[in-house]
Amino acid sequence: AVILGCSDSRVPAEIIFDQGLGDLFVIRVAGNAVARSQIGSVEFAVETFGVSLVVVMGHTGCGLVQAALASAETGAPAPSPSLEFIIEPLRPCMKSLCESGLSGEPLLDAAVKENIGLSVDRLKEGSEIIRRLVEEDTLRVVGAEYSLETGEVNFL
């Protein structure tokens, strides 16, 4: 399996899924954000190793999602161009969530799930290879949320 997860040190995929070295193809990036390099990495894994499952795994309390929410609420850009590159694609859905009436922990929980779903969609839409394999039913791309509080993984 490929696990595209957050670079947060509290979310080590090999430990969470009780796997050894070489058992998973792990891609870690802040906020499990999907950009061309992550798409290319997934393409490499599915083409080279015949991987049949890609899991986009976010986690509760994600700091990058919190930053995206704060940016959407205030309209302020991220503190650097590189962070803006990650946050900018999230801003429209985060703004919509901020206007939903949710606040506090429920807002962050909804935003984390939304971010996971967006990342799953970006993988599927951003690659002809991934799209073709999904259509052929030889590859599944799914979202999951890791709970920092309980250690459980919930597939979405």
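# Close-up views of a predicted model

**View 1. Three phenylalanines gather in one aromatic cluster.** Phe-25, Phe-44 and Phe-49 together make up one aromatic cluster. The model is a predicted one, in which local features need pLDDT of at least 70 and side-chain atom pairs count only at pLDDT 80 or more, while totals for chains, interfaces and linings use all residues. Residues are numbered from 1 along each chain as its sequence is written, and side-chain values use heavy atoms, with hydrogens and water left out. A pair of aromatic rings is described by the distance of the centres and the angle of the planes. Rings of Phe, Tyr and Trp (for Trp, its six-membered ring) are taken as a pair if their centres lie within 6.5 Å, and planes under 30 degrees apart count as stacked, over 60 as edge-to-face and the rest as tilted.

**View 2. The ring pairs that involve Phe-44.** The whole structure holds 3 aromatic pairs. One of them is the tilted pair of Phe-25 and Phe-44, with 6.2 Å from centre to centre and 45° between the planes. This pair links distant parts of the chain, since Phe-25 belongs to strand S2 (residues 25–28) and Phe-44 to helix H2, 19 residues apart; helices (H or I, at least four residues) and strands (E, at least two) are DSSP runs, numbered from the N terminus. The rings of Phe-44 and Phe-49 have their centres 5.6 Å apart and their planes at 90°, so this pair is edge-to-face. Buried means under 20% relative accessible area, exposed over 50% and partly exposed in between, using a 1.4 Å probe and protein chains only. Phe-25, at 23% relative accessibility, is partly exposed, and Phe-44, at 43%, is also partly exposed, whereas Phe-49, at 51%, counts as exposed.

View 3. Side chains of opposite charge can pair when their charged atoms come close. A salt bridge is a side-chain nitrogen of Lys or Arg within 4 Å of a carboxyl oxygen of Asp or Glu, and by this rule the count comes to 7 salt bridges. In one of these, Glu-47 pairs with Arg-132, and their closest N and O atoms are 3.7 Å apart. Glu-47 lies in helix H2 (residues 36–49) and Arg-132 in helix H7 (residues 128–135), so the pair ties together parts that are 85 residues apart in sequence. Arg-132 also forms a salt bridge with Glu-136, where the closest N and O atoms are 3.8 Å apart. Through shared partners, salt bridges join Glu-47, Arg-132 and Glu-136 into one network.

**View 4. A salt bridge between a strand and a helix.** The side chains of Glu-145 and Lys-113 meet in a salt bridge, at 2.9 Å from N to O. Glu-145 lies in strand S4 (residues 140–146) and Lys-113 in helix H6 (residues 104–125), so the pair ties together parts that are 32 residues apart in sequence. Glu-145 is buried, with a relative accessible area of 7%, whereas Lys-113 is partly exposed at 38%.

**View 5. The surroundings of Cys-98.** Cys-98 is found in helix H5 (residues 91–98) and, at 22% relative accessibility, counts as partly exposed. Not counting residues up to four places away in sequence, Cys-98 touches Leu-69, Ala-72, Glu-73 and Leu-107, where contact means heavy atoms within 4.5 Å. Cys-98 and Leu-69 are 29 residues apart in sequence, and their C-alpha atoms are 7.3 Å apart in space.
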